[in-house]
Amino acid sequence: MGLEGEEGSQQPQLVLADKLFLLKQPDVQDINKVRFKEEVFKHVKDNDMVPLYETLVADSVFEMDRTLLDSMRAKIDDELKKLDEKIADAEENLGESEVREAHLAKSLFFIRIGDKEKALEQLKITETKTVAVGQKMDLVFYTLQLGFFDMDFDLISKSIDKAKSLFEEGGDWERKNRLKVYESLYCMSSRNFKKAAELFLDSISTFTTYELFPYDTFIFYTVLTSIISLDRVSLKQKVVDAPEILTVIGKIPHLSEFMNSLYDCQYKSFFSAFAGLTEQVKLDRYLHPHFRYYMREVRTVVYSQFLESYKSVTIEAMAKAFGVTVDFIDVELSRFIAAGKLHCKIDKVAGVLETNRPDAKNALYQATIKQGDFLLNRIQKLSRVIDL
């Protein structure tokens, strides 16, 4: 079973991770859960995934089947025996590259059966037998896939750092570009949306990491992260008018309307597209933990954009523009103003919003004063030390 996946196909373990995630979500329909459960069971059984089977039995997803467990264990023992024989044969009779291949085969076997600890151990052994930077990089990609299977952020960030230091020794552009997508997925999963958007946009014309997700999903992530990270000019240039995005965006429900209505200030359409997208965001394994945060950030962007056009505007006019009630806008804005996300104040009596955006010059002046104070404090402390 290929772990790379051919062009356009996801690494099987990551497909499995998505199904395991969806099985736990209350928003997924029961009929779909039945299908996911069957598909997970088939994958576990076909690949002798003993560690995962035991976990799922403990979580009451499956009932314990002793016969099945014993037969999977027997198959694993049998396969390991063959793999160890191949390693011994290669070490005795063949060259260095065959020894490496035999060790790699054992690593991939542990990945296939879902034994993370043994897979990591075996990948380390394989690395000691590996000379070429490109091949070392491939081992890091396998490690990253293991990390993304169970969202092991520590393993992921260490592996990305390791890959970057490997690239200082050399490495080809194709692998460097692939690493960018792995890093952008890590940034998005750990809520660094700005960096994620930057890296996604950088990879848009060189995308080949089908083992992580299909190209449509890549575009979905690129648009979502860009909308809350870029200013209007950059959004237009890099996203709204990008040919790579335009060719795919129509295939993703609500995404085109979401992006274009925001840029074209069609706020009613924006809110309806936004509502349509919420489920996709909520049921995405990488975005799910940041669902509420992302929804808040998007609303901050869109409310700020609307308010930027006015010195003052009635709450009623804003509610009308968004196609919502006055009460809804009142509650929303109060919350965002209190959190320091919007620069305006509500005059409840007049039913008016007054913007009080701090201009750039004022912000710069405040920052200069702050730095000046900081510097003076440092000098005073230093002079006290010298006087001593």
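## The sheet

In what order do the three strands of the open sheet stand? The order is β1-β3-β2, and the pairing is antiparallel. This comes from a predicted model. β1 and β2 stand at the edges with a single partner strand each, so one side of each has no neighbour in the sheet. From one strand to the next, the twist averages 20°.

Strands of a sheet pair through backbone hydrogen bonds, in a parallel or an antiparallel sense. Here, strand β1 (residues 312–314) pairs with strand β3 (residues 352–355) over three bridges, in the antiparallel sense. Ser312 stands opposite Glu354 in β3. On the β2 side, four bridges join strand β2 (residues 344–347) to β3, and these two run antiparallel. Ile346 has Leu353 in β3 as its bridge partner. Asp347 stands opposite Val352 in β3.

β2 and β3 form a hairpin with four residues between the strands. Gly351 takes a positive phi there, near 65°.

## Helices across the sheet

## A packed helix pair

Two packed helices are described by the angle between their axes and the distance between the axes. Helix α14 (residues 255–263) packs with helix α15 (residues 267–282) at an angle of about 145°. Their axes are 8 Å apart. The crossing of α14 and α15 is left-handed.

Which residues of α14 meet α15? They are Leu255, Glu257, Phe258, Ser261 and Leu262. On the α15 side, the residues are Ser269, Phe270, Ser272, Ala273, Phe274 and Leu277. By class, the contact of α14 with α15 has seven nonpolar, three polar and one charged residues.

## Salt bridges

Side chains of opposite charge can pair when their charged atoms come close. The count in this model comes to 26 salt bridges. One of them joins Lys162 and Glu127. Their closest N and O atoms are 2.8 Å apart.

This pair links distant parts of the chain. Lys162 is in helix α8 (residues 153–169), and Glu127 is in helix α6 (residues 116–128). The two residues are 35 residues apart.

## Confidence

How confident is the prediction, and where is confidence lowest? The mean pLDDT of the protein is 89. Of its residues, 92% reach 70 or more. Confidence is highest in helix α10 (residues 193–202), at a mean of 96. It is lowest in helix α19 (residues 360–387), where the mean is 64.

Residues 1–6 have a pLDDT below 50. Beyond near neighbours in sequence, this stretch has 16 contacts in the model. Where pLDDT is low, the predicted coordinates should not be read in detail.

Terms used:
Residues numbered from 1 in each chain as written. Predicted model: local features only at pLDDT ≥ 70, side-chain atom pairs only at ≥ 80, totals over all residues. Heavy atoms only, no water. Axes fitted to C-alpha atoms, helices over the stretch in contact; angles between N-to-C directions. Left-handed = near helix turned anticlockwise from the far one by under 90°. Contact = heavy atoms within 4.5 Å. Nonpolar A, V, L, I, M, F, W, Y, C, P; charged D, E, K, R; others polar. pLDDT = per-residue confidence, 0-100. Pairing = 2+ DSSP bridges. Salt bridge = Lys/Arg side-chain N within 4 Å of Asp/Glu carboxyl O.
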